[in-house]
Amino acid sequence: MTGWLVVNHFVKSKKFMEIFNMLQEAAERQQVNLIKKTNVELMCGLFDYDNISIFEKPSFILFWDKDIRLANFLEEKGFRLFNTASAIEICDDKSLSHIKLSQQGIKTPKTIVSPKIYWDVDYEKEEYIDMVIETLGFPLIVKECFGSFGRQVYLVQNKDELIELLKSLGVRPILFQEFIESSKGRDVRIHIVGGKMVTSMYRYNDNDFRANITNGGKMKEYTPADAQIELAVKVCDALGLDFAGVDILFGENDEPVFCEVNSNAHFKNIYDCTGVNVADYIIRHIIDEINGFNLDMKLYAN
Ligand SMILES: Nc1ncnc2c1ncn2[C@@H]1O[C@H](COP(=O)(O)OP(=O)(O)O)[C@@H](O)[C@H]1O
Ligand SMILES: [Mg+2]
């Protein structure tokens, strides 16, 4: 079987190359010819889709990027994408994931999605800022809708700090969120593939409210509670994700609270922590889906 691994032409750091290599090695172990293609090579309107050689014609596309326009175009061309364009799009935008999941009975922190703005706003004069403060209290979290590795997540202590931050963020889309104090500096990352948990880890940071490893957090092997696994599986089902990394916060009495979901979650750290190679599971899942094995099993189960 041949597939394409679609990556971003402009992303060249070691951190990403490691993931691409792990996926290609996992494919090779399972006799899949996984050809790397960039979003520049495949550009809509430039690439010749009508003359792909029979050796290169993919049975599937493992889309390891967030170039949602290209993903949509490839689906229009009839390719099966893993993950699908819509799943990637919803995960990439933290406000869209919140909107979808909070309507499916999934416990999330109290969240206010900021209105769209086109130019600088005079926040001192906007009453809704006071309503946000009244609803969430301090400290509160501000998140840019698009961000990763904890870099675009902020903890704000008072109104002056909030206004200063909002001014610095300009017109970027954001949301305001209740700070889950009981989860300060810690969370659980669960990797789901094909609706099942593959591995998980506990992440913690004693010096920062964000647990991300890239931001200095540490990791430990972790056996999640059933309720945490159920939440992660439910998130993936609700968004139609073939695979994902789900971040879960510790609410009151350790109640699982959804933090965010990553459609292209990095899995090198969790491999170092647990020895489980998520890439192997992703490739297995794709083969089963393409061969209709999962479908047969589902029919059989019914
Ligand atoms: N509402 C919250 N309450 C407490 N901690 C949070 C909250 N939201 C995020 N965090 C912390 O910040 C980290 C980064 O937030 P997250 O939404 O996962 O963004 P990113 O995509 O940058 O990883 C989380 O792993 C968690 O440790
Ligand atoms: Mg995260």
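Student: Is Asp247 buried or exposed?

Tutor: Burial is read from the relative accessible area, and buried means under 20%. In this predicted model, Asp247 has a value of 2%, so Asp247 counts as buried.

Student: What are the protein donors of the magnesium ion (ligand 2)?

Tutor: To read a metal site, look for the atoms that face the ion. Here they are Asp247, through OD, and Glu260, through OE, at 1.9 to 2.2 Å from the magnesium ion.

Student: Which class does Ile229 fall into, with a relative accessible area of 22%?

Tutor: Partly exposed, because 22% lies between the cut-offs of 20% and 50%. Ile229 is part of helix H7 (residues 226-239). Leaving out residues up to four places away in sequence, Ile229 touches Ile190, Met197 and Pro224.

Student: How many residues separate Ile229 and Asn264 in sequence?

Tutor: The count is 35, and in space their C-alpha atoms are 19 Å apart.

Student: Which residues does UniProt list for "domain: ATP-grasp"?

Tutor: The unreviewed UniProt entry gives residues 98-287. Across that stretch, the chain is 30% helix and 28% strand, with 31 Å between the end C-alpha atoms.

Terms used
Residues numbered from 1 in each chain as written. Chains lettered and ligands numbered in written order. Predicted model: local features only at pLDDT ≥ 70, side-chain atom pairs only at ≥ 80, totals over all residues. Heavy atoms only, no water. UniProt positions renumbered as here; feature names shortened; annotations may be inferred. Helix = DSSP H or I, 4+ residues; strand = E, 2+ residues; numbered from the N terminus. Buried < 20%, exposed > 50% of the residue type's maximum accessible area, 1.4 Å probe, protein only. Contact = heavy atoms within 4.5 Å. Donors = N, O, S within 2.8 Å, 3.2 Å for Na, K, Ca; no water.
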